[in-house]
Amino acid sequence: MNQKIAEIFETMEYGSAPESTERVVEWLEAHGGTFGHFIGGAWFEGSSEPPQLFETHNPSTGETIAKLTQGSDADVGRAVQAARDALPGWRALDGHARARYLYALGRGIQKRGRLFAVLESMDNGKPIRESRDLDIPLVARHFYHHAGWAQLMEEELPGYGPVGVVGQIIPWNFPLLMLSWKIAPALAMGNTLVLKPAEFTSLTALLFTELCQDVGLPPGVVNVVTGDGDTGAALVAHPGVDKIAFTGSTDVGRIIRGATAGTGKKLTLELGGKSPFLVYDDADLDSVVEGVVDAIWFNQGQVCCAGSRLLVQESVAEVLERKLRARMETLRMGDPLDKGIDMGAIVAPVQLDRISSLVEQGKEEGARIWQPSWSAPREGWFYPPTLCTNVAPSSTIAQVEIFGPVVVMMTFRTPAESVTLANDTRYGLAASLWTESVNLALDIAPKLKAGTVWVNCTNLFDAAAGFGGYRESGYGREGGKEGLWNYTKPLWQSEKGGDRPYGPKHGKDTGVVDPGVGATPAAPGSGRDGMPPIDRTPKLYIGGKQARPDGNYSLLVRGRDGDIVGEVPRGNRKDVRNAVEAAHKGSKAWTPRTAHNRAQILYYLAENLSLRADEFVSRLVQVTGMKTKEAKAEVEASIRRLFSYAAWADKYDGRVHHTPFRNVTLAMPEPIGVMAVICPDEAPLLGFLSLVAPLVAMGNAVVAIPSERWPLLATDLYQVFETSDVPAGVVNIVTGLHSELAPVLAAHDDVGGIWHWGSAEAGAEVERLSTGNMKRTWVSDGRHRDWWGATQGEGEEFLREATQVKNIWVPYGE
Amino acid sequence: MVRTDTQESGTLTDHATEDVSRNPGTPLELDWVRRVRVNRSAVERRAGTLGTRRSVKKDHQAAWLLKAITCMDLTTLAGDDTPGRVRRLCAKARQPVRRDLLEALGVAHLDLTVGAVCVYHTMVETAVDALLGSGIPVAAVSTGFPAGLSPLQQRVAEIRASVAAGAAEIDIVITRAHVLTDQWEQLYEEVRTFREACGEAHLKTILATGELGTLRNVYRASLVCMMAGADFIKTSTGKESVNATLPVGLTMARAIREYGERTGHQVGLKPAGGIRTAKDALLWLILMKEELGNAWLEPNLFRYGASSLLGDIERQLEHHVTGRYSAAYRHPLA
């Protein structure tokens with residue numbers, strides 16, 4: 001009957017095993033091959049006449065699959081309005097009801113699993129194995145997991161409500177998975193949304209809208225508008241949107257941060273990466289090889305957290321390289337729908353060009369390029385797995401994100417050097433480390449600047465574990481409890497008085513003034529026994545020392561009766577620079593301290609402040625004109641606050657997430673590093689300590705700009721800090737004009753984050769200037785905050801902003 | 001089963017002569033053994049995706065299943081084995097698949113047989129007799145199988161007796177205690193002693209991986225057995241509570257690869273116990289092809305120890321021919 005079987009018996013080759021596209025074709029035909037937007041629970045052709053359409057292609061053949069509608073400003077507006085209309089009903093819904101919808105979406109994904117998987121692979125080019133076994137099951141898992149959060153929201157997130165209407169923009173590398181990462185938590189927390197899928201890969205999002213209809217999701221809760229970057233920009237700019245969640249390149253993330261600055265929109269960004277993959281000499285090298293396959297050849301390397309920098313201990317580098325080359329020969333590339341391949345196609349010609357040209361550049365810069373002997377398919381958009389050696393950190397391909405199946409290999413000598421090399425990047429999305437030593441693994445993992453650290457594994461994801469970046473890889477987390485805060489805000493902000501504008505109620509005529517170059521005013525205070533007074537002009541507090549300001553100019557401080565009560569230095573950009581450098585030194589000493597030790601020092605601060613309470617009361621009265629009773633209350637509240645954060649220091653624990661593997665996933669809140677804080681005038685002592693204490697409690701070093709009007713409350717603290725064993729550089733204080741100092745800090749590329757309390761305009765500028773290193777920002781949006789009460793003035797909200805969560809995955813089993 | 005006729009003086013012992021392709025073993029390299037690292041979770045992940053990364057369907061599946069038959073050690077190791085039972089098994093070994101099916105598949109001319117017949121020592125003569133002229137070797141389990149705890153002299157004598165009775169392959173069991181107590185020299189000496197006793201007969205060392213505790217032990221025991229001159233390393237006796245699992249197979253395959261890279265000698269792998277379905281058989285072939293290459297898809301380097309696997313493969317082959325799901329009774333008993 002068949003000669004072929006006898007032949008195969010001899011050659012023992014693999015055949016092709018293509019997945020059928022029949023059902024997908026049926027679905028496309030049912031839509032006439034053309035799709036509009038999904039708005040308010042129904043298809044909408046788009047408001048342009050004639051409709052502006054663009055094509056979406058199958059990357060493995062280049063053929064057109066369907067025509068999609070380019071979303072216009074008007075289309076986006078219509079979708080935002082639909083979401084806004086749906087919001088009151090959706091947010092008012094019982095958490096259990098929302099849980100039922102999310103559960104139904106999870107079930108629905110599973111029931112249509114094959115259709116979603118095949119459509120995803122056709123549209124994106126990823127192997128059917130990955131869409132079938134990884135993407136789609138994770139999508140369902142995300143909806144199930146967040147169904148649970150909807151159910152538990154009231155108990156688990158008391159005092160928090162939805163943000164409102166969320167605009168979500170997702171990339172083309174994991175189209176449906178990124179949709180679920182965005183939509184599931186948003187819906188669980190009671191938000192409504194407008195999602196813009198990537199223009200290359202919108203089809204599964206459109207199929208998903210049919211599922212929303214099937215489960216009876218109320219119209220307008222989920223809206224999908226297709227289109228390119230212009231559509232995304234319209235969504236970002238729309239005033240009816242309360243929050244933007246974006247996953248994509250750091251360049252676009254930067255634009256979005258700039259565009260949303262000052263709008264009060266919440267923002268989470270999951271951006272690019274150049275993640276290190278660290279191999280130590282005691283690793284199981286055969287398993288490492290498979291790890292590299294999963295790290296960089298998964299999804300053709302089009303993975304934001306791809307392990308693209310292979311850092312190998314020098315003693316095992318040669319062996320590993322040989323093993324890798326051998327393994328690359330047995331990778332199979334081809335039709336994404338073939339069930340027997342490892343690698344499919346690159347999503348679009350533009351991406352293929354980027355990969356090719358970067359590898360060319362690498363070659364020109366001296367890299368040795370290794371590709372397997374087999375050739376990639378000629379038809380369609382394919383790029384072979386590529387290993388680059390003879391690469392140094394200074395090589396372009398070792399620095400920029402290639403977003404393709406290209407890994408660069410470098411060596412290190414010691415664990416310490418491995419950390420230095422791993423962190424020598426602007427990104428900080430993920431890292432993978434391979435060793436059989438638990439000591440080494442648990443030593444290295446906290447030292448890596450990355451939101452996710454995989455020990456002896458890589459590219460594992462789960463809805464229960466947060467995912468997101470450090471540094472220029474963005475901010476916010478998706479997954480786990482840590483991800484929910486990004487889709488909620490404190491209820492008090494929506495309650496009566498929650499929008500009271502920023503500003504102190506005391507001391508109308510007080511504050512600092514530029515003395516000008518005219519007559520020098522009388523020195524404040526008076527001498528005794530006929531002697532002239534001793535000048536008590538404070539300096540800046542930098543690196544544990546009182547430092548004269550670089551500019552050598554002062555500001556006069558006017559007290560309650562308009563009298564000059566003192567002077568403070570007018571700090572400038574060089575003082576800020578010095579303070580940041582001092583803070584980095586302080587951070588090195590402070591971060592490794594035990595939480596208990598940090599608590600002890602905060603208690604000691606409270607003790608010493610208490611000792612000098614009267615002095616601070618007088619000062620408050622003197623400079624602000626508040627009543628003695630009020631001043632006493634502020635000092636008392638300040639001491640309590642220090643106690644609160646001393647208490648929190650060793651109690652703001654991480655979590656151990658229940659990820660469905662034999663594994664512990666440790667979610668550890670880590671300090672951000674060096675933080676800048678612009679303190680409010682509203683409570684010159686209490687406000688200052690309410691911001692500095694949580695930062696310090698969590699292990700950050702701080703550059704604080706005290707209340708501009710009443711800086712003497714902060715300068716009086718120098719001696720308190722000095723007598724309380726606060727290590728040098730942990731708290732640095734630069735007095736001066738906020739308008740001069742805040743922009744320098746906001747733009748400083750070696751500051752990890754900045755908190756700003758002040759006017760809305762000043763906060764907007766801070767957000768705008770933060771994009772250089774994509775620092776975390778927390779601004780008051782010109783809103784008043786009640787520093788006296790525990791609801792607004794202290795607690796976990798501050799600790800969350802003072803930290804970033806790192807998820808460390810540790811599979812176990814001998 | 002392909003065997004080379006070229007022979008030369010053995011280097012291992014005075015009286016042994018062996019195929020050039022045989023693994024002569026190496027001195028025991030303890031440093032190498034002690035450096036071994038195996039990460040269980042990572043091994044399990046790789047093993048878990050072997051079958052999802054590759055798909056063998058239709059004609060390929062039929063051809064691969066036929067290949068699996070040629071790599072099968074058709075086995076009976078039961079207390080109630082009798083000469084009659086063994087002769088029946090041998091008849092099946094000669095003609096493992098219905099003639100009409102082979103014709104329909106276009107492979108009748110290949111004269112397929114299984115890789116070997118595997119029995120206890122007492123059945124060796126019967127099996128040799130029953131397989132006369134077929135070229136199918138007889139394998140004997142030996143050395144106090146399955147626990148391997150009888151006196152060394154008896155175990156060695158058992159090997160010699162089976163070889164004398166005509167067994168061409170000897171499946172020995174190692175002393176697990178040597179592995180569990182880090183006595184690599186003792187393990188090495190034991191296996192070398194067995195290898196010497198085998199003479200020309202090929203030596204398969206059963207690690208009883210289900211009793212070794214860790215994959216690292218599996219890897220280390222694999223290395224030591226290969227250094228001591230094993231022709232095959234074999235997972236299990238089939239009598240342990242956990243037998244041939246893919247992670248264990250993957251670990252052993254990697255040990256074989258490393259040993260081959262460092263010494264130039266090829267060693268075979270024999271998973272045994274618990275392999276019952278055609279799907280399992282394909283998974284193991286995928287594992288061998290992926291980790292070791294096509295050379296390990298042939299009976300000189302790969303065997304399944306199995307008793308019920310053949311029946312499932314026959315049903316799948318008939319399904320391939322007719323398009324209808326088959327029944328066990330449509331295929332002759334082993």
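Biologist: What does Arg46(B) form a salt bridge with?
Modeller: Its partner is Glu290(A), and the closest N and O atoms are 3.4 Å apart. By salt bridge I mean a side-chain nitrogen of Lys or Arg within 4 Å of a carboxyl oxygen of Asp or Glu.

Biologist: Before I go on, what am I looking at, and how do the labels work?
Modeller: It's a predicted model, so local features need pLDDT of at least 70 and side-chain atom pairs count only at pLDDT 80 or more, while totals for chains, interfaces and linings use all residues; side-chain values use heavy atoms, with hydrogens and water left out. Residues are numbered from 1 along each chain as its sequence is written, and chains are lettered from A and ligands numbered from 1 in the order in which they are written.

Biologist: OK. How many salt bridges are there between chain A and chain B?
Modeller: The count is 8. There are also 22 residue pairs in polar contact across that interface, both residues at pLDDT 80 or more. A polar contact is a pair of N or O atoms within 3.5 Å; within protein, one must be able to donate a hydrogen and the other to accept it, and residues adjacent in sequence count only if both atoms are side-chain atoms.

Biologist: Which helices of chain A supply at least two residues each to that side?
Modeller: Helix H1 (3–11), helix H6 (128–156), helix H11 (285–296) and helix H12 (314–330). H1(A) gives the largest share, 7 residues. Helices (H or I, at least four residues) and strands (E, at least two) are DSSP runs, numbered from the N terminus.

Biologist: And what area is buried between chain A and chain B?
Modeller: About 4000 Å², with carbon and sulfur atoms giving 49% of it. Buried area is the accessible area (1.4 Å probe) that two parts lose on being put together, summed over both. In chain A, the residues that lose the most area to chain B are Phe9(A), Met12(A) and Tyr14(A), together 21% of what that side buries.

Biologist: How many residues does the contact take from each chain?
Modeller: It takes 45 residues from chain A and 48 residues from chain B, contact meaning heavy atoms within 4.5 Å.

Biologist: Switching topic: what's chain B like on its own?
Modeller: Its secondary structure comes to 13 helices and 10 strands. The radius of gyration of chain B is 19 Å, close to the 20 Å that the globule rule gives for 334 residues, so chain B is as compact as a globular protein of that length. That radius is taken over C-alpha atoms, and the globule rule is 2.2 Å times the number of residues to the power 0.38. Along its principal axes, the C-alpha trace of chain B spans about 55 × 45 × 40 Å.

Biologist: What share of chain B is buried?
Modeller: Buried residues make up 59% of its 334 residues. Buried means under 20% relative accessible area, exposed over 50%, partly exposed in between (1.4 Å probe, protein chains only).

Biologist: Back to salt bridges. What does Lys182(A) pair with?
Modeller: Glu478(A), with the closest N and O atoms 2.5 Å apart. Lys182(A) lies in helix H7 (residues 175–188) of chain A and Glu478(A) in the loop between strand E18 (474–475) and helix H17 (480–484), so the pair ties together parts that are 296 residues apart in sequence.

Biologist: Is Lys182(A) buried or exposed?
Modeller: Buried, with a relative accessible area of 1%. Glu478(A) counts as buried too, at 9%.

Biologist: What about a salt bridge inside chain B?
Modeller: The side chains of Arg303(B) and Glu169(B) meet in one, at 2.7 Å from N to O. Both Arg303(B) and Glu169(B) are buried.
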